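Please keep the sequence and the three-dimensional view at hand while reading.

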Amino acid sequence: MPAVVGVVVFPGSNCELDVAEAVRGLGGEARLLWHGDAGIGGVDAVVLPGGFAHGDYLRPGAIARFSPVMQAVGAHAAAGGPVVGICNGFQVLCEAGLLPGALQKNAGLKFLCRPATIRVEAGGTALTTGVEVGTTLDIPINHFEGNYTCEPETLAELRAEDRVVFRYVDNPNGSVDDIAGVCSAGRNVVGLMPHPERASHTLLGSTDGVPLLRSLLVTAGVAVRPGG
Amino acid sequence: MEFSVLVETSLREGVADPEGATIERSLPALGFDGVSQVRVGKAFRFVLDSADEATARAEVDDMCRRFLTNPVIEDYSATITASAAVAT
């Protein structure tokens, strides 16, 4: 049985089909989950995709965190199941308190849509299991509010616990400590601004996202499903 | 009782404000010199029906903490004014 990855669709999400396509291309099964449903249908992993959930009204992710599906996503995360937030999904995870910190407007106030080089800084997470630390990857970014920020104590904790998962080689948005992605204490919840699904096929110009998505499928395959 | 509420949110001190910085840099080009410390925020105005002012204050604080602001980066101030009593 292939690992089943649920991709949550909020009103305004726009990368869900790209994620599903990339997952299927790697031999996984992808299922779209509606934000208004109370459950996640027993999937092995959850991806919150990029886009503008609920129009990004108030703040990116501020309204999405109250979508009914998020309770089940939180329960899945609490049970150790893999949860990945990409771009807007990262913003949702921060607003929901499943990851620390917040994503601010980019320094320089530019909407950035271009490839970025990131370095894998931490292994053993939902996205970096089997990926060597120090590996650099070219993966597109596409955001206006990707400037990661957090309290100094939070940053110290993230560093001490090896939870800065990705750093930009050349920081494009002013994020603190060049952070491009972080993970939860359990390492099963990961958020990142770059879009691995947009670097998952030679036709897209880069396949550097493949090891990350493969890691997701691997961790999804070993994850314990809540309630069984 | 009805209360008029004004909530103003802004980025916390120490959090970089790229919008404020850009506006500050732009003002001299229009001849407005001497402007500093520009901070950009949001304002929310609404009417709240609540038992009394203390209850209204507690509700506003709660909604600010849980929804209207992201406490990681934002602060708020709330002004709560009792609306004129409406004769029934």
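**Salt bridges**

Lys105(A) and Glu19(B) form a salt bridge in which the closest N and O atoms are 3.3 Å apart. This pair crosses between chains: Lys105(A) belongs to the loop between strand E5 (102-104) and strand E6 (112-120) of chain A, while Glu19(B) belongs to helix H1 (residues 18-26) of chain B. Lys105(A) is partly exposed, with a relative accessible area of 23%, and Glu19(B) is partly exposed as well, with a relative accessible area of 29%. The model under discussion is a predicted one.

Over all chains, the structure contains 14 salt bridges.

| Salt bridge | Distance, N to O |
|---|---|
| Lys105(A) and Glu19(B) | 3.3 Å |
| Glu157(A) and Arg163(A) | 3.5 Å |
| Arg159(A) and Asp177(A) | 3.6 Å |

In the salt bridge of Glu157(A) with Arg163(A), Glu157(A) counts as partly exposed at 42% relative accessibility, whereas Arg163(A) is buried, with a relative accessible area of 6%.

Which parts of chain A does the pair of Arg159(A) and Asp177(A) tie together? Arg159(A) lies in helix H4 and Asp177(A) in the loop between E9 and E10, so the pair ties together parts that are 18 residues apart in sequence. Asp177(A) is partly exposed, with a relative accessible area of 24%. Both residues also belong to a network of salt bridges that links Arg119(A), Glu121(A), Arg159(A), Arg167(A) and Asp177(A).

**Backbone angles in the loops of chain A**

Asp162(A) is not a glycine, yet it has a positive phi of about 55 degrees. Its place is in the loop between helix H4 (152-160) and strand E9 (164-168) of chain A, and Asp162(A) is partly exposed, with a relative accessible area of 38%. Asp178(A), likewise a residue other than glycine, has a positive phi near 60 degrees. Asp178(A) is found in the loop between E9 and strand E10 (179-183) of chain A and counts as partly exposed at 31% relative accessibility.

How many of the eight residues of H3(A) are buried? The count is eight of eight, and the helix is mostly covered. Among the buried residues are Phe90(A), Val92(A), Leu93(A) and Cys94(A). Just after H3(A), Gly97(A) takes a positive phi of about 80 degrees.

Cys94(A) has a relative accessible area of 8%, and Cys150(A) is also buried, at 13% relative accessibility. The structure as a whole holds zero disulfides over all chains.

**Aromatic pairs**

A pair of aromatic rings is described by the distance of the centres and the angle of the planes. Over all chains, there are two aromatic pairs. Phe66(A) and Phe67(B) form an edge-to-face pair, with 5.4 Å from centre to centre and 75 degrees between the planes. This pair crosses between chains, from the loop between strand E3 (45-48) and helix H2 (69-78) of chain A to helix H2 (residues 53-68) of chain B. Phe66(A) counts as partly exposed at 42% relative accessibility, and Phe67(B) is partly exposed, with a relative accessible area of 30%.

Phe90(A) and Tyr148(A) form a stacked pair, with 5.9 Å from centre to centre and 10 degrees between the planes. Phe90(A) lies in helix H3 (residues 88-95) and Tyr148(A) in strand E8 (residues 147-149) of chain A, so the pair ties together parts that are 58 residues apart in sequence. Phe90(A) and Tyr148(A) are both buried.

**The sheet of chain B**

Chain B has an open sheet of three strands in the order E2-E1-E3, with antiparallel pairing. Strand E2 (41-49) and strand E3 (74-82) stand at the edges with a single partner strand each, so one side of each is left without a neighbour in the sheet. Neighbouring strands are turned by 20 degrees against each other on average, direction ignored. Nine bridges join strand E1 (residues 2-11) to E2(B), and Glu8(B) stands opposite Ala43(B) in E2(B). H2(B) lies across E1, E2 and E3 of chain B and runs at about 155 degrees to E3(B).

Methods:
Residues are numbered from 1 along each chain as its sequence is written. Chains are lettered from A and ligands numbered from 1 in the order in which they are written. This is a predicted model: local features need pLDDT of at least 70, side-chain atom pairs count only at pLDDT 80 or more; totals for chains, interfaces and linings use all residues. Side-chain values use heavy atoms; hydrogens and water are left out. A disulfide is a pair of cysteine sulfur atoms within 2.5 Å. Buried means under 20% relative accessible area, exposed over 50%, partly exposed in between (1.4 Å probe, protein chains only). Rings of Phe, Tyr and Trp (its six-membered ring) pair if their centres lie within 6.5 Å; planes under 30 degrees apart count as stacked, over 60 as edge-to-face and the rest as tilted. Helices (H or I, at least four residues) and strands (E, at least two) are DSSP runs, numbered from the N terminus. Two strands pair if DSSP finds at least two bridges between them. Axes are lines fitted to C-alpha atoms, for helices over the stretch in contact, and angles run from 0 to 180 degrees between N-to-C directions. Contact means heavy atoms within 4.5 Å. A salt bridge is a side-chain nitrogen of Lys or Arg within 4 Å of a carboxyl oxygen of Asp or Glu.
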